[in-house]
Amino acid sequence: MAIGYACLAIGVPNTDQRTCTSNYVTESRLLELIAHNLAALEELIEYNIKNEITLFRISSDLIPFGSSPLNPLKWWEIFKDDFDRIGVKIKQGHLRVSMHPGQYTVLNSPHPEVVQRAVDDLNYHAQVLASLNTLSDSKIILHIGGVYDQKELAIDRFASNYKKLEPSVKKRLIIENDERSYSISDVLEISWQLGIPVVFDNLHHQIHPSDPKKNEFYWIEEARKTWKPVDGPQKIHYSQRNTSKKSGSHSAGIDLDEFMKFYTELGRTDLDIMLEVKDKNFSALKCINATRTISKIGTLELEWSRYKYTVLEHSPAIYNQIRLLLNDKTTYPVFDFYHLLEKALAVQWSIGERINAAQHVWGYFKNCATDTEKKQFLKLLEEVENGTGSIKKVKTHLLRLSRNYEQKYLMDSYYLYLD
DNA sequence: TGACGTCAAGATCCG
DNA sequence: CGGATCTTGACGTCA
């Protein structure tokens with residue numbers, strides 16, 4: 001089983017994807033952006049492999065205006081060496097990558113120009129995955145589209161437009177239930193008609209269920225039957241509700257107990273789970289570590305090294321509890337560890353504790369920093385104390401110091417990247 | 001016509 | 001001038 005996250009990682013330097021608006025598009029600007037984004041993708045791939053995250057969705061923004069006439073570049077030829085090199089890393093790292101055009105790629109629209117743009121967009125996505133030399137288990141996830149008051153006709157349009165797609169797209173295309181128009185049973189029916197693998201999305205299903213008598217595990221089993229060996233392991237999307245926001249919103253992080261309840265009831269490890277969650281790689285690592293079959297405390301120690309100063313600024317008490325928890329090197333207290341972590345992050349920080357944590361981090365530099373750097377730090381800290389500054393500025397300063405003095409341990413710390 | 005979702009770029013404001 | 005904050009863009013459907 002692989003568990004993964006979508007498009008971007010938090011706290012991993014040099015992995016941001018850049019773009020520009022249409023009125024600023026020039027060939028040289030596009031070349032610059034593509035080069036930047038490919039370098040960022042390579043960093044992301046390396047991070048994923050190093051951290052044993054073997055499922056990853058590549059951002060559709062990799063090639064700005066990749067499916068638009070605004071971008072006439074043959075980017076797959078110009079950057080062939082980069083694609084090849086990244087592709088080798090993906091393959092050697094046993095990483096499974098996918099892509100997911102947004103809700104605006106609508107293959108079943110009654111408007112031919114909308115359909116044409118959808119086709120162009122699917123071709124673009126297939127071109128990216130082909131350029132990386134991935135196999136047909138590297139998928140493109142698509143929603144069915146609109147209903148237009150006549151669902152049967154809309155489905156027919158989807159079917160006839162699907163049949164006209166390039167083989168390079170067809171071999172990768174998979175379809176997903178959405179939260180408004182097409183329930184999981186709708187999507188399965190389309191799948192039976194066309195032979196397309198189905199991705200079950202639990203949150204969309206919660207919001208837009210098809211049969212109240214059947215639970216989500218029933219539908220996951222049904223979806224399983226749509227996957228052929230050439231498609232790779234079945235994929236599902238898993239997310240949790242953000243209860244404080246509108247119904248379809250994804251949660252900030254994955255609640256481990258809720259995830260484990262799902263995982264246990266699922267009772268299978270022969271499928272891949274794509275998490276859709278705001279904190280991305282953080283939650284992916286949590287779920288991966290909680291479901292490891294081979295476990296060692298070093299994994300948790302590595303996580304702790306990234307989280308410790310963030311925990312400290314929320315709760316020194318829990319900070320100490322986790323330290324004690326990890327003392328016994330013969331155990332793997334993964335649930336206690338993440339429970340404490342979740343508990344700490346839920347604690348509202350106070351100014352005093354934030355300053356305390358910042359001073360801990362400053363400890364790395366007190367012997368090497370220049371007087372100016374020290375003065376700057378103390379000034380920023382004082383501004384936080386009297387309410388005129390922000391901790392963000394303090395952290396930005398500490399991040400710059402970490403880079404300048406090559407404090408690797410700190411540079412990997414989530415503390416520097418979280419607000 | 002605005003909401004939906006998503007992320008940065010761009011624009012503007014502030015000290 | 002730099003940094004923080006607000007607005008826009010880019011997409012299509014639906015209320």
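Q: Which side chain has a polar atom 3.0 Å from the backbone oxygen of Ile220, and how is such a pair read?
A: A polar contact is a pair of N or O atoms within 3.5 Å, where within protein one must be able to donate a hydrogen and the other to accept it, and residues adjacent in sequence count only if both atoms are side-chain atoms. Here the side chain of Gln234 places a polar atom 3.0 Å from the backbone oxygen of Ile220, and a polar contact of 3.0 Å also joins the side chains of Gln234 and Arg268. This is a predicted model, in which local features need pLDDT of at least 70 and side-chain atom pairs count only at pLDDT 80 or more, while totals for chains, interfaces and linings use all residues. Residues are numbered from 1 along each chain as its sequence is written, chains are lettered from A and ligands numbered from 1 in the order in which they are written, and side-chain values use heavy atoms, with hydrogens and water left out.

Q: Is Gln234 buried or exposed, and which residues does Gln234 touch?
A: Buried means under 20% relative accessible area, exposed over 50%, and partly exposed in between, with a 1.4 Å probe and protein chains only. Gln234 counts as buried because its relative accessibility is 3%. Contact means heavy atoms within 4.5 Å, and, not counting residues up to four places away in sequence, Gln234 touches residues including Arg96, Trp227, Asp270 and Asp272.

Q: What secondary structure holds Gln234, and how many helices and strands does chain A have?
A: Helices (H or I, at least four residues) and strands (E, at least two) are DSSP runs, numbered from the N terminus. Gln234 lies in strand β7, which covers residues 234-238, and chain A has 18 helices and eight strands.

Q: What distances separate the side chains of Ser22, Ser109 and Arg117 from phosphate oxygens of DNA strand C?
A: A polar side-chain atom of Ser22 lies 2.3 Å from a phosphate oxygen of DNA strand C.
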